[in-house]
Amino acid sequence: MCAHVLVAEDDAMQAELIRRSLLAEGHTATVVHDGSAALEAVRRDRPDLVVLDLMLPVVDGFGVCRVLRQGDDVPVLMLTARAAEDDLLLGLELGADDYMTKPYSPRELMARIRTVLRRSGRAGADRRDDAVVRAAGLAVDPERHEVRCEGEPVDCTPAEFQILLAMAAEPERVFSRRQLLQCTRGFDRSSTERAVDVHIMNLRRKVEADPRKPVRLLTVFGVGYKLSGGRP
């Protein structure tokens, strides 16, 4: 079940945690931090699901849900720190498909997302033949744990795979070393941020024609790395 999920959350740390959890599940994700941007992203990207924080700036979650329900049937899972029954009922009346109160565990959130996608039948089947994430001549398959570069198989360590998966899901995004290190948690528990440089160096040997002159895995000096080349 591969889906594209829009995460509308003004807390950057929470948004990043949700994004990484979605990538680990094989989904792709777009993150926005206010209600106006959420509405624009729904129109532009046609996501399979919206994870919607109620306390968004510009347009709050209730307002976003109200607008969506005027002309879109995209499933909505609301998140809020407010546990009042009136808020819950209003969210459901506005058309939210599910409702979670903070704090919550990422594991529970992923389970709820799977349930909503299954119920809605919008697990990306209408736009995706499979769960493979493609960018810059790479194909990263989270279900089979396989990577191909220009059609040729690439052997990756678990940590390298997670880094490529995150970068392929958001080509041209600049990732800091800290963000890429977080992708490897569970595989490289004792690693430091400098270990990311080693992973990138090893990946360049595997996916670049000339690792000394990379055209895919680029260094953004003073910031980190990005996967350049965009989507096919």
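## A buried aspartate

With a relative accessibility of 13%, Asp72 counts as buried, a term that means under 20% relative accessible area, whereas exposed means over 50% and partly exposed lies in between (1.4 Å probe, protein chains only). Asp72 is found in the loop that runs between helix H3 and strand S4 (76-80); helices (H or I, at least four residues) and strands (E, at least two) are DSSP runs, numbered from the N terminus. The side chain of Asp72 is joined to that of Arg46 by a polar contact of 2.9 Å. A polar contact is a pair of N or O atoms within 3.5 Å; within protein, one atom must be able to donate a hydrogen and the other to accept it, and residues adjacent in sequence count only if both atoms are side-chain atoms.

## About the model

This is a predicted model, in which local features need pLDDT of at least 70 and side-chain atom pairs count only at pLDDT 80 or more, while totals for chains, interfaces and linings use all residues. Residues are numbered from 1 along each chain as its sequence is written, and side-chain values use heavy atoms, with hydrogens and water left out.

## Helix H3

Helix H3 (residues 61-68) is largely enclosed by the rest of the structure, because 6 of its 8 residues are buried. These buried residues are Gly61, Phe62, Gly63, Val64, Cys65 and Leu68.

Strand S1 (residues 4-8) is mostly covered, since 5 of its 5 residues are buried. His4, Leu6 and Ala8 point one way from S1, and Val5 and Val7 point the other way.

S1 pairs in the parallel sense with strand S2 (residues 28-32) over 5 bridges, where pairing requires that DSSP finds at least two bridges between two strands. In S2, Ala29 is the bridge partner of Val5. S1 also pairs in the parallel sense with strand S3 (residues 49-53), here over 4 bridges, and in S3 the bridge partner of Val7 is Val51.

The structure holds 0 disulfides, a disulfide being a pair of cysteine sulfur atoms within 2.5 Å. Cys149 is in no disulfide, and the nearest cysteine sulfur, that of Cys156, is 9.8 Å away, which is too far for a bond. Cys149 is buried, with a relative accessible area of 11%, whereas Cys156 is partly exposed, with a relative accessible area of 22%.
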